[in-house]
Amino acid sequence: MGSQFRFDTLSKDARNDRRTAWCVWTRTIAKEDAAAERGTAADAGPNDRVYKCVQAFKSASAHLPINAGPDGAQARQLLRTYVVLDLLLVALYVFLFVRAMSRLSKPIPAAGAAGNVSTATALERASGAPWLWVLVALLLGSELVEDACQFALSLRWLTPYRIDLLNDIAGFAAIVKWVSVFLALLLLVMLIVHTRAYQRWGLWNGLIPVRLQLAVAAVLLLLLTGVGTDQVQDALLGLLDHWGTRLWTPVAALVFSLLLWRSVHRAALTYDNARGPVRQVILLALAVVLAVLGLVLNWHRLWAPAALLVLVFFLSLLAGAKLLQPSTGEPGYAEAFKATKQRAEIAEGDLRESLEEKARFVAALPFVVLGVFAVRAAVATAVVGPRRPAAIALIAVGAVSVVLGIAMPSILKWLEGEGKPDWAKPPGRSNDRSGLYFLLTAMCAGFAVACLLTGSQGGGLPSQAGPLAVLTVFLSLALVVLNEMQRWAELNTPVAGFRALGLSRTPVFVLLLAWFVLGAVVDTKGNHDVRVMEGRALRADRVELAGQFEKWLAANCANAPATGPLPLVVVAASGGGIRAAYWTSGVLDKLFPPTPVEPPEGSRCARTDGRAPVFAVSGVSGGSLGAVSWISRPRQDDPHSHERIFGTDHLSGALAWMTFVDLPRSFIGFHQKDRAAVMEESWERSQRELELPFYATWQQPGTAWTPLALLNGTAVESGCRVLTAPVQLGAFDRPIGPTSCTRRPEDVRAEDLRPGEKNEGGPTLIDLRGGFLCGRQEIRRSTAAMLSARFPYITPSGRLTTKQCQEEEASLSVVDGGYVEGTGSLTAIDLHHELKKLVDCSNAVVDSQNNDAVDRQKKPADCGLSAVPAHKIELVLVQIDNGYNSVAAAAAPGRPHELLVPVQSLSGAAATKNANVRQRAYAAFGCRDYLRFANVRGPGAQAPLGWVMSLTARADLNRQMAALADPEGGAPTLAGQLSAAAARCPKPGSDGAPLR
């Protein structure tokens with residue numbers, strides 16, 4: 001139920017927070033039965049249930065039980081499961097603490113004359129009876145009390161008094177626990193320092209030969225923790241979803257494990273001859289060759305290693321090296337060559353046995369790490385679902401992986417024994433036994449090549465293998481490359497320039513890092529240009545909003561007699577990667593299905609489809625992709641199209657391209673399509689309509705009504721919004737440039753504007769069309785969506801230039817629109833501002849036709865309309881949020897610490913950007929015309945912020961999508977949702993209610 005650790009554990013704020021946490025856990029999930037849908041008349045949804053539960057604490061008697069009923073049964077079971085797991089972990093860490101104390105405290109050396117006798121005495125007393133057992137009792141007792149309270153809170157029929165009492169006791173126990181943990185860690189550190197145990201262990205000296213292997217394994221560990229993203233945990237959860245991931249992931253882990261093992265043998269146990277330093281003339285020649293290649297091939301990043309080689313060349317000249325003469329007479333050469341010979345000698349005796357043991361140890365890490373995190377990913381789902389059997393199977397597979405990892409050192413030691421295959425034995429003086437090492441390397445290289453060759457095809461190797469296998473193979477290749485670089489540095493005497501700096505080895509890793517950083521500096525253009533194609537005809541810079549409004553009126557048969565206003569819908573779709581695309585597309589399919597709709601009988605209106613009420617969709621990131629996908633679908637009944645399109649793996653192909661192409665490109669700078677283009681092609685394979693031109697959708701004559709796509713990106717150079725749309729909404733950005741959006745409004749001159757153009761529109765916004773895309777230039781629909789969803793580093797920033805739009809060329813780098821705001825509402829507000837003028841004018845025409853008291857001089861031509869509308873128009877905003885909305889109220893903040901006030905203020909202000917635009921959108925459209933659809937956070941599986949989803953994550957979204965319904969039941973409709981909003985909102989004219 002969240003952290004119980006608060007120093008103000010008895011305060012009113014802490015008590016309210018814990019009451020809310022209890023209600024969230026027990027009321028979020030209605031029932032275990034999926035048929036108990038949210039959003040029906042019987043169940044108003046988790047927000048309403050949690051609110052009523054919190055209010056029950058205030059209104060109910062302290063000694064009358066709050067009936068939890070069937071709500072939250074799965075969550076309560078999950079809480080009990082975590083209590084059991086916590087008890088097991090407590091027993092483990094207390095056991096390890098006691099063992100460590102017993103080893104460190106025997107003996108505690110007495111301090112010398114210069115030492116502090118009281119330190120040794122205090123440590124001896126603290127690490128012995130009874131004080132040590134008091135500390136252990138505090139650790140165990142506080143954990144047991146906290147877990148007992150958590151377990152009791154999962155029971156039904158609890159009274160408010162008992163809930164508050166249990167929370168208070170757990171809060172005090174948490175304080176005692178963390179104070180005890182701090183004292184235990186302090187005691188351990190002091191014992192290690194005082195006894196100098198680290199010197200007895202010789203820990204660092206023993207790990208130096210395998211430091212590279214440990215570092216690469218640590219990278220795998222760090223990636224699997226999923227720090228900052230939930231994509232990794234969901235990828236682990238989907239490990240058993242397809243036969244490809246079931247096969248390739250363990251194979252990749254096995255290859256990585258064996259390469260860790262054999263790379264230690266090759267780097268530390270293989271005999272080789274020591275070699276002298278690289279000749280000066282070779283350094284200079286290589287620098288010249290790299291510089292010329294960078295100039296001729298336009299691979300500017302090659303200038304970075306050329307510059308580094310020139311620097312090393314001159315450092316060596318200053319240190320006494322000669323251009324054409326051997327290095328034997330250089331200062332410091334004899335000592336450096338002697339040290340290199342010693343490193344080249346093969347290890348013998350105890351050192352050799354120790355290195356062989358460490359090689360077997362590092363080989364165990366991949367399976368242990370993979371298994372532990374697979375179990376971690378599956379525990380919650382195994383308890384609360386969905387797809388509990390699959391999660392339980394994953395826990396079993398993870399446990400087997402951990403057992404295999406633990407047994408790996410013994411298995412490898414058995415293979416290294418007498419009478420076993422020669423390829424498995426450690427290298428000797430006459431046989432380096434590197435065959436397995438190079439065979440595994442060739443297998444990884446073949447896998448990488450196959451990924452690049454088939455990644456652009458549907459069902460290619462990357463999507464079959466899955467992201468975890470691709471990542472593991474990349475780490476295997478990186479291990480080999482870095483291992484060979486390290487081995488070269490160990491066997492080659494450093495040049496005179498490095499010796500003059502006091503280095504005993506060539507700093508290959510430092511040079512590699514310097515190459516990477518310097519290459520990024522010298523390459524001013526980059527290699528991530530946006531895919532732009534030439535259209536068949538000239539394209540206008542924009543379509544007129546008034547013309548699109550009239551087209552929308554015709555599509556919605558606005559001139560046919562009817563009662564009631566006609567809703568003009570603007571959709572704002574927030575970001576969130578594949579989760580946002582899936583949810584946005586699915587919700588729009590439910591509300592506005594692309595199925596054919598027949599016109600009213602007797603009217604002359606054209607046949608349309610269920611998307612006609614939507615005038616525009618303003619999207620960010622994955623919300624943009626979901627919107628473009630929905631807009632692009634043909635007119636047919638296909639309610640599961642979003643599952644087919646976004647249920648495939650769009651990550652692995654881009655990940656393979658990033659690791660096997662874009663990463664080497666960052667050192668060399670060759671020109672080739674990038675991982676963003678690969679992901680766009682993946683989207684196009686799932687939905688062929690995404691290959692079609694974007695701007696032509698609204699500029700081809702005779703086409704049916706299509707909702708406008710307003711796709712929001714962010715300009716890296718200025719931080720302004722970048723709008724990819726058929727209309728132009730920007731103001732103060734003429735002439736359009738990468739930073740034109742930041743100019744002062746009073747600085748805009750008349751000559752900056754085109755004939756008839758007004759300096760009006762959305763602030764801090766750059767219109768892409770007309771500034772960076774002109775004439776016949778066109779982009780695909782997939783590219784338009786990607787311009788809104790480029791979130792580094794999985795997808796890079798996209799570069800566009802003004803080459804065909806202006807005489808003076810400038811470039812613009814576009815990234816994810818969520819950097820400005822993540823809801824899509826800001827551009828929806830700008831559109832509302834422009835549309836309201838047209839809507840008010842159209843409504844005035846209707847009033848002039850229906851009411852004799854109104855001035856009849858208002859004619860359709862005054863509004864740019866060719867026909868007389870019969871309906872009044874009502875502007876409606878549909879906000880689709882995808883970020884797993886929490887049903888808990890925001891916790892009351894405590895007193896800010898003055899030292900952290902500047903940082904807290906900056907982070908707090910940045911965190912309000914989404915709330916700011918939501919409230920502005922609500923104020924602009926009004927309570928009755930503001931509809932919001934959001935997925936709800938629960939204790940089980942959640943769809944990730946990434947580009948691939950497990951079957952479990954999709955099942956959770958499908959379950960929430962199926963629960964969307966009108967107040968009276970049935971599938972959600974626009975009319976039903978507007979009716980519910982009208983019932984929910986205050987009546988016009990009532991106290992505090994907006995008059996809308």
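Phe667 counts as buried at 16% relative accessibility (buried is under 20% relative accessible area, exposed over 50%, partly exposed in between, with a 1.4 Å probe and protein chains only). The model is predicted: local features need pLDDT of at least 70, side-chain atom pairs count only at pLDDT 80 or more, and totals for chains, interfaces and linings use all residues. Residues are numbered from 1 along each chain as its sequence is written, and side-chain values use heavy atoms, with hydrogens and water left out.

The whole structure holds 15 aromatic pairs. Rings of Phe, Tyr and Trp (its six-membered ring) pair if their centres lie within 6.5 Å; planes under 30 degrees apart count as stacked, over 60 as edge-to-face and the rest as tilted. Phe667 pairs with Trp515; the ring centres are 5.5 Å apart and the planes stand at 80 degrees, so the pair is edge-to-face. Trp515 belongs to helix 21 (residues 508-522) and Phe667 to helix 26 (residues 652-668), so the pair ties together parts 152 residues apart in sequence. Helices are DSSP runs (H or I, at least four residues), numbered from the N terminus. Trp515 is partly exposed, at 23% relative accessibility. Trp515, Phe516 and Phe667 form one aromatic cluster.

Phe694 and Trp698 form an edge-to-face pair, with 5.2 Å from centre to centre and 70 degrees between the planes. Phe694 is buried at 1% relative accessibility. Trp698 is buried at 7%.

Helix packing was examined for helix 12 (residues 280-296) and helix 13 (residues 303-318). Their axes come within 8 Å and cross at roughly 155 degrees. Axes are lines fitted to C-alpha atoms, for helices over the stretch in contact, and angles run from 0 to 180 degrees between N-to-C directions. The two helices are therefore roughly antiparallel (angles over 145 degrees; under 35 is roughly parallel, 65 to 115 roughly perpendicular, the rest oblique). The crossing of helix 12 and helix 13 is left-handed, meaning that the near helix is turned anticlockwise from the far one by less than a right angle. Residues of helix 12 including Leu283, Ala287 and Leu290 meet residues of helix 13, among them Leu309, Val310 and Phe313 (contact means heavy atoms within 4.5 Å). The contact residues divide into 15 nonpolar, three polar and no charged.

Gly623 is found in helix 24 (residues 622-632). Gly623 is buried, with a relative accessible area of 0%. The C-alpha atoms of Gly623 and Ala580 are separated by 5.0 Å, although the residues are 43 apart along the chain. Beyond its neighbours within four places in sequence, Gly623 contacts Ala573, Ser574, Gly575, Ala580, Ala581 and Thr584.

Methods
Ala, Val, Leu, Ile, Met, Phe, Trp, Tyr, Cys and Pro count as nonpolar, Asp, Glu, Lys and Arg as charged, and the others, Gly among them, as polar.
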